[in-house]
Amino acid sequence: MKLETIAIHAGNYVNDSNKPAVQPITTSTTFLHQEDSMVYSRANNPNRFALENLLAKLEFGEDAASFSSGNAAGMAVFQALEPGSHIVAPDDMYHGLRAQLVQMFQGIHTVSFVDMTNPENVAEAILPETKLVWVETPSNPLLKISDIRKICSIAAGKKVRVACDNTFASPVFQNPLLIGADIVMHSSTKYLGGHSDILGGALVAKHKDDFWEKVKFVQKTGGAVPSPFDAYLLCRSIKTLPYRMKGHAEHAGILAEYLNNHSQVEAVYYPGIKSHPGHEIAVTQMSGFGGMLSFLVKGDALRADEVIGKLKYFTNATSLGGVESLIERRAASEGPDSLTPENLIRVSVGLEHMDDLLMDMDQALSK
């Protein structure tokens, strides 16, 4: 099946005797004891079974595990590591997962943050006790591009596992498992959900190996799983994912070029722009450049806040991947420990008419 067909059909697990065209929601927390049946909804549920089958097929993996949030999904990987493991992570990394590594796993694991745009930095950071390389590309919020193939090759030579946060790209534009990664992570709150009304996370494994069984144990025993309704909503939303992503990417590319030529903008971070330092690598591993971009407005934090405050069609809110355009001064959202420039504005470009978005941005940037 092609991607669009997978998105529509792979998440439809109908076990109802009436054979509805759309899978119903199964809210029962427990099931009749019988051979090869589900037992308890924390361990499995028909709607979650359908979602995980869909996610695995979208990312070309053998199995998937869904969670109640993206943070819970990432944390399951860190929890599955043996105590004392060393992790190599990107210097530009989603702040929620970075906080886990720095604060929650302090004293359990050690971590080295490196600039992964240069794969040699990864090679130099790997130690005898390194068990995981965590890749995030495009990164949040600077849209840095890491060469997945080269990093995976380096890690494989050291027998180190690679997990890749694929949230910004989505399965539509990038499939890390096909180019060397062992595990793919998504915040399904974002593009997979696509409507800013579902909280969720997901992991997809290239192989069902011993480490993956530990991840599944964390999922089942820890219990941070999505509800049947959330799983149902995600399956429904993913049906339109391939077409939504095409629109997001088209709009982001237009807005990026506009901002790149604007006198009130210092820099634009979007891998689809040819001047972006990661553009050539992105072309080799992405089929589209996604709907996220960031830019530095000329001036300070107050100027950035002023621009955001004047916008009408861009909602000043955290998160991304919804059909509506979202915008925020990222450092303000990340808090006092943020490493993000204070005048950086992150944009999740939505599916509104592009003329309206450009007009809105133009009036907001005008002095």
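**Exercise 1. Which residues does Gln219 touch, not counting residues up to four places away in sequence?**

Before the solution, two remarks on the model are needed. The model is predicted, and therefore local features need pLDDT of at least 70 and side-chain atom pairs count only at pLDDT 80 or more, while totals for chains, interfaces and linings use all residues. Residues are numbered from 1 along each chain as its sequence is written, and side-chain values use heavy atoms, with hydrogens and water left out.

Step 1. Gln219 touches Arg48, Glu52, Ala65, Ser66, Phe67, Ala224 and Val225.

Step 2. Look at Ser66 in this list, whose backbone oxygen lies 2.9 Å from a polar atom of the side chain of Gln219.

Step 3. Classify Gln219 by its relative accessible area, where buried means under 20%, exposed over 50% and partly exposed in between (1.4 Å probe, protein chains only). Gln219 has a value of 3%, so it is buried.

**Exercise 2. Describe the salt bridge between Glu52 and Arg48 and the network to which these residues belong.**

Step 1. Start from the rule, by which a salt bridge is a side-chain nitrogen of Lys or Arg within 4 Å of a carboxyl oxygen of Asp or Glu. The general idea is that side chains of opposite charge can pair when their charged atoms come close.

Step 2. Apply the rule to Glu52 and Arg48, whose side chains meet with an N to O distance of 3.6 Å.

Step 3. Compare each accessibility with the cut-off: Glu52 counts as buried because its value is 8%, and Arg48 is buried because its value is 2%.

Step 4. Extend the view to the network of salt bridges, which links Arg48, Glu52, Asp63 and Lys216. The structure as a whole holds 13 salt bridges.

**Exercise 3. Explain why the salt bridges of Lys144 tie together parts that are apart in sequence.**

Step 1. Take the pair of Asp91 and Lys144, whose side chains meet at 3.2 Å, N to O. Asp91 lies in the loop between strand S2 (86-90) and H4, and Lys144 in the loop between strand S4 (130-136) and H6, so this pair ties together parts that are 53 residues apart in sequence.

Step 2. Turn to the pair of Lys144 and Asp115, where the closest N and O atoms are 3.7 Å apart. Asp115 lies in the loop between strand S3 (110-114) and helix H5 (119-125), so its bridge to Lys144 joins parts that are 29 residues apart in sequence.

Step 3. Check the accessibilities, which make Asp91 partly exposed at 29%, Lys144 partly exposed at 21% and Asp115 partly exposed at 27%.

Step 4. Note two cis peptide bonds in this region: one joins Thr137 and Pro138, with omega about -10°, and another joins Asn140 and Pro141, with omega about 15°. Pro138 lies in the loop between S4 and H6, and Pro141 lies in the loop between S4 and H6 as well.

**Exercise 4. Describe how domain 1 and domain 2 meet.**

Step 1. Read the bounds, which come from an automatic or database domain assignment: domain 1 spans 3-236 and domain 2 spans 241-366. The contact takes 34 residues from domain 1 and 40 residues from domain 2.

Step 2. Consider the buried area, that is, the accessible area (1.4 Å probe) that two parts lose on being put together, summed over both. Between the two domains this area is about 3000 Å², of which carbon and sulfur atoms give 63%. In domain 1, Ile145, Phe173 and Tyr191 lose the most area to domain 2, together 27% of what that side buries.

Step 3. Look for charged pairs across the interface, where the rule finds 1 salt bridge.

Note on methods. Contact = heavy atoms within 4.5 Å. Polar contact = N/O pair within 3.5 Å; in protein donor to acceptor, adjacent residues only side chain to side chain. Helix = DSSP H or I, 4+ residues; strand = E, 2+ residues; numbered from the N terminus.
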